Amino acid sequence: MAFSAEERRKYLGGSDCAAAAGMNEWQSRYQLYQQKLGLAPAFSGNAATHWGNMLEEPLRQVAARETGLRFRRSSKTFRHSQFEYCVAHVDGLHREAGLEVKTASFRSKKKFAPTGEVIMEPGEGLPLNYYCQVQWYMMITGKSLWYVIVGILGENDIRLYKVPYNKSFAQRLLDKCTHFWEEHVLKQVPPELEFLADMEAAYPRGNDETVECPQSLVVAVEQFRKCKQKQKQLQEQMALHEAQIKGHMREAQTLVSPSTKLVLATWKDQSRKVLDTKKLKEEQPKLTKAYELERTSRVFKLVELEEFG
């Protein structure tokens, strides 16, 4: 079921609720706020969402076989009885339960419990934003049970979970979401900035002003300095280990464990076509000039103590 960016701006759906409540590690409330007001482009999908759409029907059939329930597809927009802007678009419905279909990369499989688990509380083997989503659906549709089926891409691994309705959690989720909508979106008052990306989006340009560092911020500056030092040390160690590994592999493209033959690393050739900008500027200077773009960004630099002299 596809909705335009303009349509999605008019409601809070299941994929919005975790961010609106400040419980989505991938999207902040400020980012969602900008999307709802049309100040930033809405997420338009990527390779992961493409494969998720392609695999939705096969995974729905697996869920039906495993549960014995026939989940029907629904194009209906379900609305909360009190807050009409709180809506649900579900992947599957049965008179006894609902179904949410997900796909995940093999890199994120550790976030998911073994198949067959009953997820009673947030953080128990299901990403928090997914837990919020199915609680949101149950609250709006009135169902007391939701199934979540997850296809782990590249692993031939399908996991199925039961998620009972958590009334107290759903109420807290609703309270946070209605506050977000009514106090921020409707009043056009930005929520508190949370992510680094929020700061960069909110303050894209600088001026000549100088501000003093309050005592409360001194600890953050020093901790950031220590983290940068550790990062440099780790990068040096990584470069050393990478050189050792590549020195052993030489022309070989794959490194495997001697006992299990499990692939430990690959060093493969990759080719891509790039534009020779230097040659283009030399041979077609006017054409190059016509397509030049000036981009401005702010560069954050932590001044080293010795730079103070």
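I looked up Cys177 and found it buried, at 0% relative accessibility; buried means under 20% relative accessible area with a 1.4 Å probe, protein chains only. A note on what I am reading: this is a predicted model, where local features need pLDDT of at least 70, side-chain atom pairs count only at pLDDT 80 or more, and totals for chains, interfaces and linings use all residues. Residues are numbered from 1 along each chain as its sequence is written, and side-chain values use heavy atoms, with hydrogens and water left out.

Next I asked which cysteine sulfur is closest to that of Cys177. It is the one in Cys17, 5.4 Å away and too far for a bond. Cys86 is buried too, with a relative accessible area of 0%. For the sulfur of Cys86, the closest cysteine sulfur is in Cys177, at 6.5 Å, again too far for a bond. My search of the whole structure for disulfides (cysteine sulfur pairs within 2.5 Å) found 0.

Then I turned to Trp136. Beyond its neighbours within four places in sequence, its contacts (heavy atoms within 4.5 Å) include Cys17, Cys86 and Cys177, along with Leu12 and Leu173.

Methods
Buried means under 20% relative accessible area, exposed over 50%, partly exposed in between (1.4 Å probe, protein chains only).
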